[in-house]
Amino acid sequence: MFDAYLGNHISVKYFSALLLVILTSYLHAQQQKPNNTFEDIVDLSISLKAEALGSVANLIIAVLNSCDDENNDCEDNEDEVAYIKMIFGGETKVGFNINPLLLSGGYDLLSIPKDVYGKEIIGSTFFVESQIDLSSDGEQSPYFFGQIGRTSFSLKQLIPHWRYTMGIGYKGEHVGLDVGYNFFNNPEEQQQEFLINDTELFKVEDSFLKSGFVTLRLTFEIL
């Protein structure tokens, strides 16, 4: 799937532009902070992402089920509450610090559960992201962030969509947590595809492509 994504000429052009932006930012950072080390300028991280409401609900369910297990001497309990299926995935990105701005580029995968389209779908996105610290302390600070990326789907009938994300979070020295709202554009070509295809697969009135979704992102800084 990764190779197929790179084979798409739109994605290749987008990724090339991304590399150009990152290189320009890196050179600018070196001019502004000539005495800083490579580790001070470059930020490499990996993240876990999940739909926010589902994540909170599953956490509560886990606590309730854990209490039931204790009350039943940890034996299998048929009355355990079922966990909610939700969008989840992960991302990796590299950024360059131009205080108070962190400009990053990366790649993520999201698993979209069967409930949305009748079958599980994987969404893969190349993106650029800007993050603005709200405190002078670059190591520990609340921040605003915005992200834009081009998402392709494992389901061929879904054409690539632009995905936009904005949100707020807090980062510690090596770990950060944020909440963001994700939404997609609604290209005319996709609307036409939905009109000519009347199967259950394309009933998207309540899907994330029109309504968007809130995510939680837990980020671990590697460099």
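Here is a short chat about this predicted model.

Student: Before we start, what should I know about the numbering and the model?
Tutor: Residues are numbered from 1 along each chain as its sequence is written, and side-chain values use heavy atoms, with hydrogens and water left out. The model is predicted: local features need pLDDT of at least 70, side-chain atom pairs count only at pLDDT 80 or more, and totals for chains, interfaces and linings use all residues.

Student: How many helices and strands does the chain have?
Tutor: Both kinds are DSSP runs, numbered from the N terminus: helices are H or I with at least four residues, strands are E with at least two. Going by that, the chain comes to seven helices and eight strands.

Student: Is Glu 173 buried, partly exposed or exposed?
Tutor: Glu 173 sits in the loop between strand 6 (161-171) and strand 7 (175-184). Buried means under 20% relative accessible area, exposed over 50%, and partly exposed in between (1.4 Å probe, protein chains only). Glu 173 has 44% relative accessibility, so the label is partly exposed.

Student: Which residues does Glu 173 touch, leaving out those up to four places away in sequence?
Tutor: Contact means heavy atoms within 4.5 Å. Glu 173 and Gln 140 are 33 residues apart in sequence, yet their C-alpha atoms are 5.8 Å apart. The residues touched are Glu 139, Gln 140 and Glu 221.

Student: And where is Leu 223, and is Leu 223 buried or partly exposed?
Tutor: Leu 223 lies in the segment after strand 8. Its relative accessible area is 30%, so Leu 223 is partly exposed.
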